[in-house]
Amino acid sequence: MTLDAHLRLTRGMFELDLPLTVGRGEVVALLGPNGAGKTTALRALAGLLPLTGGHLRLDGRPWDEPPGVFVPPERRPIGVVFQDYLLFAHLSALENVAFGPRARGARKADARATALGWLDRVGLAEHAAAKPRALSGGQAQRVALARALATDPGLLLLDEPLAALDAATRLHVRAELGRHLDRFPGGTVLVTHDPLDAMVLADRLVILERGRVVQEGTPTDVARHPRTPYVADLVGLNLYRGTADGTVVDLAAGGRLTTAEPASGPVLVAFAPTAVSLHPERPTGSPRNTWRVTVAGVEQHAHTTRVRLDGAPPVLADVTTATVAELRLRPGDHLWAAVKATETRTYSA
């Protein structure tokens, strides 16, 4: 099934205005900071929040078109995996998965057979009799996924499905979830705050800020061409707006950068924190951008050390532990930052 929606919804001072399409077999991830409208959008798709405007259709059939059309949640062919899974504590894994088919009118024996088949698909047939409290986090997530898929939904909604897992379990379950989504013939909407979950699982990313779409595209395109500071931080890049004249860009944040790609007019310039080198004195040698900076903060970031630097422009630098020791980096230290022009990417704003 294909989803065609324009979700318009007002709640108090917050307004969601989200055009959204999802094709057959496609996984679309909604990302954004807290309060961007991700969960509101998911609840609107599920029928838990009626739209105040716009439309919501699956394969051309209207689900929600104010003011005259509203299909209640129980009549929508959807499956939902909630962040906390919300398994019924008093039911076994088998009965949890069978609940959906039973609620849609299947006979008890048929519902159980369907449930057992799905538990087998997610590798949990031997845990069919287990109650949720006896399951690990990863097992509970797979039971929740099986429960969502057991009703043969046209649309699957995943609300932070990996957020409750520890790091080690998350890696394994993410891979398992990816395999199941690859085989799911319907559309999937994944709400997440984790860029890695989105990059690994989604075919397309939709970035929300303050209820509006600020960027949309494939994971590769979004990662290479962030268009807002939030997206740049999400994918780990320095990002600046400026005005280009050839290979020179005057930055709105202050300062000037020389780039490898000539351009004209409003542009965005991006480069990785790993492209930034730090020096106690102004470096000489190959052509590069150099400017004075002041250390604002030093923190461990993955396997490197991330240094926040004030300057014109301010910049993030990822450096090795050896560099930290050599420069004896402390907040307030004055240094020189350097970035080669060839390390920058310039594209239209």
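**Salt bridges and a covered strand**

Okay, let's start with a pair: Glu26 and Arg204 form a salt bridge, with their closest N and O atoms 2.9 Å apart. A salt bridge here means a side-chain nitrogen of Lys or Arg within 4 Å of a carboxyl oxygen of Asp or Glu. Glu26 sits in the loop between β2 (14-22) and β3 (27-31), while Arg204 belongs to strand β10 (residues 204-209), so this pair ties together parts that are 178 residues apart in sequence. Both Glu26 and Arg204 are buried. Buried means under 20% relative accessible area, exposed means over 50%, and partly exposed is in between, using a 1.4 Å probe and protein chains only.

Before I go on, some housekeeping. This is a predicted model, where local features need pLDDT of at least 70 and side-chain atom pairs count only at pLDDT 80 or more, though totals for chains, interfaces and linings use all residues. Residues are numbered from 1 along each chain as its sequence is written, and side-chain values use heavy atoms, with hydrogens and water left out.

Another one links Arg174 and Asp197, whose closest N and O atoms are 2.7 Å apart. Arg174 is in helix α5 (residues 167-183) and Asp197 is in helix α6 (residues 195-201), so that pair ties together parts 23 residues apart in sequence. Arg174 is buried at 8% relative accessible area, and Asp197 is buried too, at 3%.

Now, buried or exposed: what about Arg256? Arg256 is exposed, with a relative accessible area of 54%. Its salt-bridge partner is Asp250, with the closest N and O atoms 2.7 Å apart, and Asp250 is partly exposed at 37%. Salt bridges can also share partners, and that joins Asp4, Arg57 and Glu65 into one network.

Let's switch to a strand. β18 (residues 334-339) is mostly covered, with five of its six residues buried. Which strands pair with β18? Two strands count as paired if DSSP finds at least two bridges between them. One partner is β14 (residues 277-279), which pairs with β18 in the antiparallel sense over three bridges. Look for Leu278, whose bridge partner in β18 is Ala337. Strand β15 (residues 289-301) also runs antiparallel to β18, and six bridges join them. There, Thr290 has Ala338 of β18 as its bridge partner.

Note on methods:
Helix = DSSP H or I, 4+ residues; strand = E, 2+ residues; numbered from the N terminus.
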